[in-house]
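Look at the structure below before reading on. The report goes through a few of its residues and how their side chains meet.

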Amino acid sequence: LNDAEMKEKIKELVEDPNFTFFFHPETSSTNGNSRTTRVMFKFGAPIEWKGTKYNDKMDRADEQEEIYGEHFGVEAYEWSTELDSEGLEVFVIGNVLIGYAINTIFASDMIYLLISITLVWIYSSIHLQSVFLSSFGLLEVFLSFPPAFVVYKEIFR
């Protein structure tokens, strides 16, 4: 498509009520510019993977879901982060994709948590001159979280 054909097609889509969901609300058929555009990819069961065929979505559903999550989720998340680095902002929506993104972020943040706990333990061991007191001091801090959570949830609702 050349530029004129592209603009004409966008104008048709913006005017069609079935497609307005995919464009920013400020998009009009006169300007044809959209700050954001939505794209939907629909995937369904049964899937076919490496020569394994499934009869329907209930045929070994756990196996199909695992294949979908492990392969499609990883690839789509990596694809979206690659596009983000190139200046195109991509928001990935879907249970598998969001779950993969959360797990990836959680794993990287867990490293910072472990480093900070270790540094606090080392500092307190040096300052108190006792590994025993430092260890039980950190244990006391960690054991205070469950009761604090109960007070927060039950009393300060």
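Serine 124 is found in helix 3, which covers residues 95-128. Helices here are DSSP runs of H or I with at least four residues, numbered from the N terminus. The model is a predicted one, where local features need pLDDT of at least 70, side-chain atom pairs count only at pLDDT 80 or more, and totals for chains, interfaces and linings use all residues. Residues are numbered from 1 along each chain as its sequence is written, and side-chain values use heavy atoms, with hydrogens and water left out.

Serine 124 is buried, because its relative accessible area is 16%; buried means under 20%, exposed over 50%, and partly exposed in between (1.4 Å probe, protein chains only). Leaving aside residues up to four places away in sequence, serine 124 touches Gln129 and Ser134, where contact means heavy atoms within 4.5 Å. With serine 134, the side chain of serine 124 also makes a polar contact of 2.4 Å. A polar contact is a pair of N or O atoms within 3.5 Å; within protein, one must be able to donate a hydrogen and the other to accept it, and residues adjacent in sequence count only if both atoms are side-chain atoms.

Helix 4 has 13 residues (131-143). At the start of helix 4, a side-chain oxygen of serine 130 comes within 3.4 Å of the backbone nitrogen of phenylalanine 132. Leucine 143 is also part of helix 4, and it counts as exposed because its relative accessibility is 55%.

Which residues meet in salt bridges? The structure holds two salt bridges, each defined as a side-chain nitrogen of Lys or Arg within 4 Å of a carboxyl oxygen of Asp or Glu. The table lists them.

| Residues | Distance, N to O |
|---|---|
| Arginine 60 and aspartate 59 | 3.5 Å |
| Arginine 60 and glutamate 63 | 3.8 Å |

Through shared partners, these salt bridges join Asp59, Arg60 and Glu63 into one network. Are the three residues buried or exposed? Aspartate 59 counts as buried, because its relative accessibility is 18%. Arginine 60 is partly exposed, with a relative accessible area of 39%, and glutamate 63 counts as partly exposed at 33%.

Notes: Helix = DSSP H or I, 4+ residues; strand = E, 2+ residues; numbered from the N terminus. Expected span 1.5 Å × (residues − 1).
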